[in-house]
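User: I want to learn how to read the features of a model like this one. Please take me through them one by one.

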Amino acid sequence: MSNLVQVPRSEKGLLRHPAHRYGTSERGVALEFFGPDAGPVDLLVMASMHGDECDSTVALSEALRVVPNGALANPVILSVNPDGILRGTRCNANGVDLNRNWPASNWSPEPVRYKDHGKTVQDIELSTGASAGSEAETQHLLALVERLRPRAIVSLHAPLGCIDDPDDSALGRWIAAETDLPLVPDVGYATPGSFGSWCAEKGIPIITWELPADPLPAVIDSHAPVLFKLITGTYIDEVG
Ligand SMILES: [Zn+2]
């Protein structure tokens, strides 16, 4: 399985795997995933909870489009926040940072501050939602996770260039080695109401894969092959 053949380059332009709809965004866009639609599954792999991190969607799509029919072992969400991608914003259409909207015990109504790409000062404010779990994108993803019951979750972000794995798991160490990124136990600042906080309270291991701030072609070359192994399940032969 580890030498699974990819679809020919001539056919990789189109996403041929059927999409499953798991809900609707705040502005009426379909929330979709690909792959197995019954749990329990091994991994759930997702991208673009932040709409201004669309490199993560492209890299994951590059991997998904070369998976042969019948070989997609794990569910894939190309965009958790499609409204944000369409608007080019980190937040969803209501101005909410979806990675601070989760109903974890540490959720806070205080605005979250983030920094521009490449800048160092976190001075741009976003809402964490009118209440914990207030946003449609959060509610539908929460229901999907509870339905698919993944053993672990891999969530792609950008551009910090690290693998954040609080559990220091074999999978996290393998991804760090394969991508030549540092393995870290946290991103260095508090993240109340984050998806990771919610997963931790539910006992679901989560690895946050922060793509580096490299040009997109370089990101695709170095990360899509690793994502391919994750979503086809062939990584298991290498991780053990
Ligand atoms: Zn992010």
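User: Which residues touch the most other members of the largest nonpolar core?

Analyst: A nonpolar core is a set of buried Ala, Val, Leu, Ile, Met, Phe, Trp, Tyr and Cys residues joined through side-chain atoms within 4.5 Å. Buried means under 20% relative accessible area, with a 1.4 Å probe and protein chains only; exposed is over 50%, and partly exposed lies in between. Here the largest core has 37 residues, and Leu60, Leu171, Ile175, Trp209, Leu230 and Ile231 touch the most other members. At least two residues each come from β3 (43–47), α1 (55–64), β7 (152–157), α4 (170–179), β10 (206–212) and α6 (216–232). α6 gives the largest share, eight residues. Helices (H or I, at least four residues) and strands (E, at least two) are DSSP runs numbered from the N terminus. Another core, of 23 residues, lies apart from it; Met46, Ile77, Leu141 and Leu142 are among its residues.

User: What kind of model is this, and how are residues numbered?

Analyst: The model is predicted: local features need pLDDT of at least 70, side-chain atom pairs count only at pLDDT 80 or more, and totals for chains, interfaces and linings use all residues. Numbering runs from 1 along each chain as its sequence is written, and side-chain values use heavy atoms, without hydrogens and water.

User: How many aromatic pairs are there?

Analyst: A pair of aromatic rings is described by the distance of the centres and the angle of the planes. Rings of Phe, Tyr and Trp (its six-membered ring) pair if their centres lie within 6.5 Å; planes under 30 degrees apart are stacked, over 60 edge-to-face, the rest tilted. A search of the whole structure finds five pairs. Tyrosine 22 and phenylalanine 33 are tilted, at 6.3 Å and 55°. Tyrosine 22 sits in strand β1 (residues 19–24) and phenylalanine 33 in strand β2 (residues 30–34), 11 residues apart.

User: Why is the pair of phenylalanine 195 and tryptophan 198 called stacked?

Analyst: Their planes are at 10°, with centres 6.3 Å apart, so the pair is stacked. Both residues are buried.

User: Which protein atoms are the donors of the zinc ion?

Analyst: Donors are N, O and S atoms within 2.8 Å of the metal (3.2 Å for Na, K and Ca); water is not among the atoms, so sites may look incomplete. Here they are His50 (ND1), Glu53 (OE), Glu53 (OE) and His157 (ND1), 2.1 to 2.3 Å from the zinc ion. Their spacing along the chain is H-x2-E-x103-H. Histidine 50 and glutamate 53 are buried.
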